[in-house]
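Please look over the model first.

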Amino acid sequence: MAKNYYDILGLGQNATDAQIRERFKAMARERHPDRFQGAEKADAEVAFQDLTEAFNVLLNAERRRQHDLELANPEADQQGVDSAQLARVYLQRGVKSYREKNYLQAADNFDRATKAEPENALGWYNLALACSHQQRWMSRSLTAIAKACELAPMNVTYLKTAGRLHARGGRLTQAEKYYEQALTWGGEDETIRRQLDEVRSSKRPRSGLFGRGS
């Protein structure tokens, strides 16, 4: 059975964009995976993925229209359900490989998950993490985390990771942007603020001979 994104957000099908934003923001703060530990955190990550999917679909007029059609005619959505189930299988395999520190196999499974379901933000996020363990895969890691943030623009975990990876890759302007967005959606956070200050400090031009302070 297809997901009902209205049920996930606890809203009726006549909900306005403003109501969707307000409900998502409240639920994201309450159910963010960073608030949980251990097995509860893993469950929270899956639930948060559904939450961000619901937000992204219902705030996109064309995707919302398609979702309404799928709810009205469930059989027409069978292909989409199969793709989502396939993506979940690859995600589970990828997580297992990642925990075993087999990052190549993990990246392969997460890549397959994003191909099965290109709108799966968690797949892109996990692909970025797996690729970040190899310097030669950094370009792929940055592309993947940018896609995850595009699909889930209010996910603070994704934004923080995007800031960290871009800073590590020397892309300081992008890192600054992601850290600022993390503060916007997640509220004040000492760790993010410190990382943002470090990025801004690195961007400042050095004065004096050979770039050294005089």
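## Helix 7 against helix 9

Ala-121, Leu-122, Tyr-125, Ala-128 and Leu-129 of helix 7 touch Thr-157, Tyr-158, Thr-161, Arg-164 and Leu-165 of helix 9. By class, this contact holds 7 nonpolar, 2 polar and 1 charged residues. The model is predicted, so read each value as computed from it.

The two axes lie 11 Å apart, and the angle between helix 7 and helix 9 (residues 156–168) is about 30 degrees. Angles under 35 degrees count as roughly parallel, so helix 7 is roughly parallel to helix 9. Their crossing is left-handed.

## Helix 7 against helix 6

Helix 7 (residues 121–131) also packs with helix 6 (residues 103–116). Here the axes come within 8 Å and cross at roughly 155 degrees. Helix 6 and helix 7 are therefore roughly antiparallel. This crossing, too, is left-handed.

Helix 6 contributes Tyr-103, Ala-106, Ala-107, Phe-110, Asp-111 and Thr-114. Helix 7 contributes Gly-123, Trp-124, Asn-126, Leu-127, Ala-130 and Cys-131. The contact counts 8 nonpolar, 3 polar and 1 charged residues.

An α-helix has 3.6 residues a turn, so residues three or four places apart point the same way. Keep that in mind when reading the contact lists.

## Arg-140

Which residues does Arg-140 touch, leaving out those up to four places away in sequence? They are Asp-111, Trp-124, Leu-127 and Cys-131. Each of these four is also listed in the contact of helix 6 with helix 7.

Arg-140 itself sits in helix 8 (residues 138–151). Its relative accessibility is 32%, so Arg-140 counts as partly exposed. From Arg-140 to Ala-106 is 34 residues in sequence and 14 Å in space, C-alpha to C-alpha.

## Lys-101

Lys-101 lies in the loop between helix 5 (78–99) and helix 6. Its phi is near 65 degrees, a positive value in a residue other than glycine. Most residues other than glycine have a negative phi. Is Lys-101 buried or exposed? Lys-101 counts as exposed because its relative accessibility is 63%.

## Helix 3

Helix 3 covers residues 38–58, which makes 21 residues. From first C-alpha to last, helix 3 reaches 31 Å, close to the 30 Å expected at 1.5 Å a residue.

Which residues of helix 3 are buried? They are Ala-44, Phe-48, Gln-49, Asp-50, Leu-51, Thr-52, Glu-53, Ala-54, Phe-55, Asn-56, Val-57 and Leu-58.

Technical notes: Residues numbered from 1 in each chain as written. Predicted model: local features only at pLDDT ≥ 70, side-chain atom pairs only at ≥ 80, totals over all residues. Heavy atoms only, no water. Helix = DSSP H or I, 4+ residues; strand = E, 2+ residues; numbered from the N terminus. Expected span 1.5 Å × (residues − 1). Buried < 20%, exposed > 50% of the residue type's maximum accessible area, 1.4 Å probe, protein only. Axes fitted to C-alpha atoms, helices over the stretch in contact; angles between N-to-C directions. Parallel < 35°, antiparallel > 145°, perpendicular 65-115°, else oblique. Left-handed = near helix turned anticlockwise from the far one by under 90°. Contact = heavy atoms within 4.5 Å. Nonpolar A, V, L, I, M, F, W, Y, C, P; charged D, E, K, R; others polar.
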